[in-house]
Amino acid sequence: MVDDDVRHPVIVDTDALIAVANTGLWSRITDNIQLTTTNVCYHELKRHVREMSEYAPDETRERWVHHGSKKAVDSFDDEETSFTTVACVPRPHGEDAGETSVKMEIEQHTELYRFAILMDAHGRQAINRIFGDADETTGKAVAPTFLLYLLLDEGKCTVAEFCQACGEMLRGEGWTGYQAIQAAWEAIPVDCSQYLPNDLVS
């Protein structure tokens, strides 16, 4: 982990990191995409690794969160990746501290970010208002599926691999309600209907 305030144009919150780390494309993300998160999100991931059992039964939320958090932490700790953490001051606390820290980071350094990746609808709306009010930025808050789309856009996976990984993420996270599905595909110009069942495509 490089904790030297290098800010890459893509910033990701805790839940989005867990969601993407649990897909089959995570190793390609770590090899090809430059990411930033906050120290608050990083510590949330470490807490999940400590508090959630790696021996929890398959298909359980506990197992999913532990596994995704561990993969994400390991990647931020790996000096070979282009993953950085930035310190959030003042440090927020509470249930949504990670998401709040991403919003604070964008408020303080709006022009440096192109994408903020998080699933929470209110969080995305709040961050999009910050981007919208700023001059000379085209930043956008998008759902975690967009991180996989960045991989596809760079030619590092096929459309089939992209669509299958999105399906894997949506099912694993339980993001299968109408609004979650709409959010997942909102910014993505790819039709996955030939690869995924109708209930996972908007």
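Mentor: Strand E5 gives the most to the lining of the largest cavity, with three residues. The model is predicted, so to speak of local features asks for pLDDT of at least 70 and side-chain atom pairs for 80 or more, while totals for chains, interfaces and linings use all residues. Residues are numbered from 1 along each chain as its sequence is written, and side-chain values use heavy atoms, without hydrogens and water.

A cavity is a set of points on a 1 Å grid over the protein atoms alone where a 1.4 Å probe fits but cannot get out; a pocket is an open set with protein on both sides within 12 Å along at least five of seven lines, and lining residues have an atom within 4 Å of a point. By this rule, one cavity of 30 Å³ or more is counted. The largest cavity has a volume of about 60 Å³ (the space filled by probe spheres set on grid points joined across faces, edges and corners).

Strand E5 covers residues 140–142. Helix H7 (145–153) and helix H9 each supply at least two residues of this lining as well; helices (H or I, at least four residues) and strands (E, at least two) are DSSP runs numbered from the N terminus. The lining consists of Lys140, Ala141, Val142, Ala143, Thr145, Phe146, Ala183, Ala184, Glu186, Ala187 and Ile188. By type, eight of these residues are nonpolar, one is polar and two are charged (Ala, Val, Leu, Ile, Met, Phe, Trp, Tyr, Cys and Pro are nonpolar, Asp, Glu, Lys and Arg charged, the others, Gly among them, polar).

Ala184 of the cavity lining also belongs to the contact of H9 with helix H8. There Phe162, Cys166 and Leu170 in H8 meet Ile181, Ala184 and Trp185 in H9, with contact meaning heavy atoms within 4.5 Å. The residues of this contact are six nonpolar, no polar and no charged.

H9 takes part in the largest pocket too, supplying at least two residues of its lining, as do helix H1 (14–21), helix H3 (39–51), helix H4 (61–77) and helix H5 (97–108). This pocket holds about 420 Å³ of space. It is lined by 23 residues, and those nearest its centre are Asp13, Asp15, Glu95, Asp96 and Glu99. The 23 divide into 10 nonpolar, four polar and nine charged.

The second largest pocket has a volume of about 210 Å³. Asn22, Glu59, Thr60, Arg61, Arg63, Trp64, His67, Glu168, Arg171 and Gly172 line this pocket. Five of the lining residues are charged, four are polar and one is nonpolar.

Glu59, from the lining of the second largest pocket, lies in the loop between H3 and H4. Glu59 has a positive phi of about 70° although it is not a glycine. Most residues other than glycine have a negative phi, and most peptide bonds are trans. The peptide bond from Val89 to Pro90 is cis, with omega near -5°; Pro90 is in the loop between strand E3 (83–86) and H5.

H3, one of the helices that line the largest pocket, holds Glu51 and Arg47, which are four residues apart and therefore separated by about one helical turn. They form a salt bridge, with their closest N and O atoms 3.8 Å apart (a Lys or Arg side-chain nitrogen within 4 Å of an Asp or Glu carboxyl oxygen). The whole structure has seven salt bridges by this search.
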